[in-house]
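Biologist: Thanks for sitting down with me. Could we go through this model together, and could you tell me what lies behind each label you use?

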Amino acid sequence: MTMAQKINMAVAYKGMSQAALARAISMTPSNFNQKLKRETFSPEELSKIAEALGGIYEFCFIFPDGTKI
């Protein structure tokens, strides 16, 4: 699953529009849409998106024994 698909699923889950999310993270809807199409969000932006949606963003390696790096 691509990051764009994950973001779209999270937006739908929260019942928020992409434009409202963009404004919530201090980004124009146009810029947000372009970054979504190119999948060029930084880890910091992904954290802001998660926070605006009431969640958290974790980007890490997870191993079968539960170790996260």
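Biologist: How many aromatic pairs does a search of the whole structure find?

Modeller: The search finds 2 aromatic pairs. Please keep in mind that this is a predicted model.

Biologist: Why is the pair of Phe 32 and Phe 41 called tilted?

Modeller: The ring centres of Phe 32 and Phe 41 are 5.2 Å apart and their planes are at 50 degrees. Stacked needs planes under 30 degrees apart and edge-to-face needs over 60, so the rest count as tilted. An angle of 50 degrees therefore makes this pair tilted.

Biologist: What makes the pair of Tyr 57 and Phe 59 stacked?

Modeller: Here the planes of Tyr 57 and Phe 59 are 5 degrees apart, and planes under 30 degrees apart count as stacked. The centres are 6.5 Å apart, and the cut-off for a pair is within 6.5 Å.

Biologist: Are Phe 32 and Phe 41 buried or exposed?

Modeller: Both Phe 32 and Phe 41 are buried.

Biologist: And why is Phe 59 called exposed, but Tyr 57 partly exposed?

Modeller: Phe 59 has a relative accessible area of 67%, and exposed means over 50%. Tyr 57 has 24%, which lies between the 20% and 50% limits, so the label is partly exposed.

Biologist: How do you know that Glu 45 is buried?

Modeller: Its relative accessible area is 19%, and buried means under 20%, so Glu 45 qualifies. Glu 45 is found in helix 4, residues 43-52.

Biologist: What makes the link between the side chains of Glu 45 and Lys 35 a polar contact?

Modeller: The distance is 3.4 Å, and the cut-off is within 3.5 Å for a pair of N or O atoms, one able to donate a hydrogen and the other to accept it. Leaving aside neighbours within four places in sequence, Glu 45 is also in contact with residues including Met 27 and Thr 40.

Biologist: Which residues have the most contacts inside the largest nonpolar core?

Modeller: That core has 13 residues, and those with the most contacts inside it are Ile 7, Leu 21, Ile 25, Phe 32, Leu 36, Phe 41 and Ile 49. Two or more residues each come from helix 1 (3-14), helix 2 (18-24), helix 3 (29-38) and helix 4. Helix 1 gives the largest share, 3 residues. As for Leu 36, the residues it touches include Ile 7 and Phe 41, not counting those up to four places away in sequence.

Terms used: Residues numbered from 1 in each chain as written. Predicted model: local features only at pLDDT ≥ 70, side-chain atom pairs only at ≥ 80, totals over all residues. Heavy atoms only, no water. Helix = DSSP H or I, 4+ residues; strand = E, 2+ residues; numbered from the N terminus. Buried < 20%, exposed > 50% of the residue type's maximum accessible area, 1.4 Å probe, protein only. Contact = heavy atoms within 4.5 Å. Core = buried A, V, L, I, M, F, W, Y, C linked by side-chain atoms within 4.5 Å. Phe/Tyr/Trp six-rings, centres within 6.5 Å; stacked < 30°, edge-to-face > 60°.
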